[in-house]
Amino acid sequence: MTIQTAQAKINLAHIIEIKLGYSMSKTSSTRLTSTSDDSYGPQGQSKLPYQVNSDNSTLNRAQHRQQLLLIKQQHNIEAIMAMAMDFCPDVTSKGQPDSDWVERFIALCEDTSNESMQKLWAKILAGETVSPGTFSIKSLQTLKQMTQREADALQKCTAICGYNEKDNSHLILLGFYKKPSLFDLLRKGNKVSFNLGKAGISFPDVLTLMDIGLIYRKEIESAALKAGQEMNLTFLTQRVALKPKNNDLVLSYYKFTQTGDELRKLINTPVNKAYKHLLNSALEEEFEVAWHAIK
């Protein structure tokens, strides 16, 4: 047996002992063959080569495992609520969270033991307490199914998404092009696309958020902008004003869904510096780009 195999078996034994509350060991009998009279249990099933180290009945063992699960869930709930108390600002709330919402929240978060994910649950509870109706049950169900990898992808994409106050949406700019005209046929299809990889965002990161319903799958285009028509996007503590130098420029972007907007609120990430540089260099030929700090 190799060291890697031995380590894997040790890890598996540890997991089993934590989840069952008992360790397992090989049965004392010699290896059984399929033709042996002893190779089958009283109900005709094959005897297993490992058994639980306990004299308790199956029912007692099941009850013990259920108690361990309840204890773990209680620890998770208490940890999340303690974090929520720490996150909750000392402000006047807009009312009480719906009691059914609170019950669903507890039922959905109780199996979360990862500390990073617990923080997201805690921020939801604190946010809902301050402003009831901020987070939908659908958002809770989505978070319940989210893996740490998906949460990391959300954090990355939050750092490159801007808020467009005009239509109350969060979006990720992807590029732009100039609408072709009879006098500008050479520009047809001449689209400038941003290489998000330079900002550390891979397409699988975006695709991950599409798969769990946080970003719309279809690339969206703005209406054709006129020269001097300003578009503002807010990135947490900074705002950028984009002013076209010519008519008929069209921006393309990915848009967050309602669920994506709700879960994005849990992450306070400043604008990705590499993405900011990317916007400046890609837009400077056709747009006036001005950044301002938000106080």
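Helices (H or I, at least four residues) and strands (E, at least two) are DSSP runs numbered from the N terminus, while axes are lines fitted to C-alpha atoms, for helices over the stretch in contact, with angles running from 0 to 180 degrees between N-to-C directions. This is a predicted model, in which local features need pLDDT of at least 70 and side-chain atom pairs count only at pLDDT 80 or more, whereas totals for chains, interfaces and linings use all residues. Residues are numbered from 1 along each chain as its sequence is written, and side-chain values use heavy atoms, with hydrogens and water left out.

**Helix packing**

- The axes of helix H3 (residues 99–109) and helix H5 (residues 137–145) come within 10 Å and cross at roughly 5°.
- H3 and H5 are therefore roughly parallel to each other (angles under 35 degrees).
- In contact terms (heavy atoms within 4.5 Å), Trp-101, Arg-104, Phe-105, Ala-107 and Leu-108 of H3 meet Ile-137, Leu-140, Gln-141 and Lys-144 of H5.

**Surroundings of Thr-234**

- Thr-234 lies in strand S7 (residues 231–235).
- Leaving aside residues up to four places away in sequence, Thr-234 touches Cys-161, Gly-162, Tyr-163, Arg-239 and Ile-294.

**Cysteines**

- A search of the whole structure finds zero disulfides, a disulfide being a pair of cysteine sulfur atoms within 2.5 Å.
- The sulfur of Cys-157 is 8.4 Å from the closest cysteine sulfur, that of Cys-161, which is too far for a bond.
- Cys-157 counts as buried at 0% relative accessibility, and Cys-161 counts as buried at 5% (buried means under 20% relative accessible area, with a 1.4 Å probe and protein chains only).

Note on methods:
Angles under 35 degrees count as roughly parallel, over 145 as roughly antiparallel, 65 to 115 as roughly perpendicular and the rest as oblique. Buried means under 20% relative accessible area, exposed over 50%, partly exposed in between (1.4 Å probe, protein chains only).
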